[in-house]
Amino acid sequence: SGKMRPILLKGHERSITVVKYNRDGDLLFTASKDHVPSVWRAEDGSRLGTFNGHKGTIWDLDSDSTTTYLLSASADTTVKLWSICDGQIIRDYPHRGPVRGVAWAAGGQMFATISDPFVEHPGYISVFAVPKSESPEQWSEKPILEIELPKNNKGQRVNATNVVWLNLNEAIFVTFDNGCIRLYDPENGEELDEIQPHEKKINRVSFNRNKTMFITSSADFTAKLYDVVELEHLKTYQTDRPVNDAVISPTKDHILLGGGQEAMSVTTTAGKVGKFETRFFHLVYEEEFGIVKGHFGPINALDINPNGLSYASGAEDGYIRLHFFDKSYIEMKDPVPEVDENDDDDEEDPAAE
């Protein structure tokens, strides 16, 4: 909507890789290729602090449920555990290759990481213990479990792109650059399940709040909605460019999608510049019903506030745009499906459907 005035968050020097609200929705954590994650006040976009210490691109961030600790995954082959209140590094976790993803387990006493293959090392899924019964100084930098990522049947390495714990920490959920998703047992590392939602890379995956549904964003120009329990495909949101991130609204049956052409291909495309907008789709009807423009490069990262009243987008242009929904969007009713003309004699209240 034209009335929605975004706040521009200028704090990163290079393209944005991740934007994430904390559980309470009062803080926004962001990272980019400039090595320094930031934290902002979600209500007004003022920067509260930075986390200084990495020497490479930050690929992922995850704050624990109490907003006490932040985990960062970096191309510098480390994960760092930070104290959010003062920005200090509590622990360093060395890996064998660049670290792509990091995720807290429910309960905050474990976390998982995914790392890329590097020289002779394969990629790994690693699980680390951070027991609350011990002080942080006692936490080991060595993983309690490592799962080697297998090669495909052509003998090529397949890289993991996202890692998430499912409810009750029953499984570690990992997406891959060949379009597949695998579930692993966090106790012994055994593969529990595999599905193939896409033929191309899964860029990002996002879950609804209670982790009953997830949405994948793919280089194949689609985002797909799945049921977590049955791993059943529910909906597909079709676009005309790579989808870099998609999120499920916590308050409406809406999906927000961001993407665009990759940086390399933008300069070589004559004439038309990529259209860098967040696209709004109806979750149920799979129809696009709105766009919000503004970024000067592909949108790499999106998140919606847990209260459903605002969202943040981060792009290749190095900016984060913080959008607050206007009254008309917040009060907007979703369309009711067309009723067949012959049903006039039905006395039933359509609102009861």
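Hello everyone. Before we go on, a word on what we are looking at. This is a predicted model, where local features need pLDDT of at least 70 and side-chain atom pairs count only at pLDDT 80 or more, while totals for chains, interfaces and linings use all residues. Residues are numbered from 1 along each chain as its sequence is written, and side-chain values use heavy atoms, with hydrogens and water left out.

Back to our opening pair. Strand β16 (residues 181–184) runs antiparallel to strand β17 (residues 191–195), and 4 bridges join them. When I say strand, I mean a DSSP run of E with at least two residues, numbered from the N terminus. Two strands pair if DSSP finds at least two bridges between them. β16 and β17 make a hairpin with 6 residues between them. In the turn you'll find Gly-189, with a positive phi of about 80°.

Now to the sheets. Let's take an open one of 4 strands, in the order β2-β3-β4-β5, with antiparallel pairing. At its edges stand β2 (16–21) and β5 (47–50); each has a single partner strand, so one side of each is left without a neighbour in the sheet. On average, neighbouring strands here are turned by 20° against each other, direction ignored. For those angles, the axes are lines fitted to C-alpha atoms, and angles run from 0 to 180 degrees between N-to-C directions. If you zoom in on β4 (residues 38–41), you'll see that this strand pairs with β5 in the antiparallel sense over 3 bridges. There, Ser-38 has Thr-50 of β5 as its bridge partner.

Here is another open sheet of 4 strands, also antiparallel in its pairing, with the order β10-β11-β12-β13. β10 (99–104) and β13 are the edge strands, each with a single partner, so one side of each is left without a neighbour in the sheet.

Buried here means under 20% relative accessible area, exposed means over 50%, and partly exposed is in between, using a 1.4 Å probe and protein chains only. On one side, β11 (residues 110–115) and β12 pair in the antiparallel sense over 6 bridges. Ile-114 stands opposite Ile-125 of β12, and Thr-113 has Ser-126 as its bridge partner. β12 also pairs with β13 (residues 145–148), again antiparallel, over 4 bridges. In that pairing, Tyr-124 stands opposite Glu-148.

Next, the aromatic rings. How many aromatic pairs does the structure hold? There are 19. Rings of Phe, Tyr and Trp (its six-membered ring) pair if their centres lie within 6.5 Å; planes under 30 degrees apart count as stacked, over 60 as edge-to-face and the rest as tilted. A stacked example is Phe-214 with Tyr-226, at 5.3 Å centre to centre and 5° between the planes. That pair links distant parts of the chain, 12 residues apart: Phe-214 is in β19 (residues 213–218) and Tyr-226 in β20 (residues 222–227). Phe-214 is buried, with a relative accessible area of 0%, and Tyr-226 is buried at 7%. For an edge-to-face example, look at Tyr-237 and Phe-281, at 5.8 Å centre to centre and 65° between the planes. This pair spans 44 residues, from Tyr-237 in β21 (residues 232–238) to Phe-281 in β24. Tyr-237 and Phe-281 are both buried. Elsewhere, Tyr-69, Tyr-93, Trp-104, Phe-111, Phe-128 and Trp-139 form one aromatic cluster.

Last stop: the inside. The structure holds 1 cavity of 30 Å³ or more. On a 1 Å grid over the protein atoms alone, a cavity is a set of points where a 1.4 Å probe fits but cannot get out, and lining residues have an atom within 4 Å of a point. The largest cavity has a volume of about 40 Å³, a volume being the space filled by probe spheres set on the points. Among its lining residues are Arg-241, Leu-257 and Glu-277. β23 (254–259) and β24 (277–282) each supply at least two residues of that lining, and β23 gives the most, with 3.

Methods
1 Å grid on protein atoms, 1.4 Å probe; cavity = no way out; pocket = protein on both sides within 12 Å on 5 of 7 lines; lining within 4 Å.
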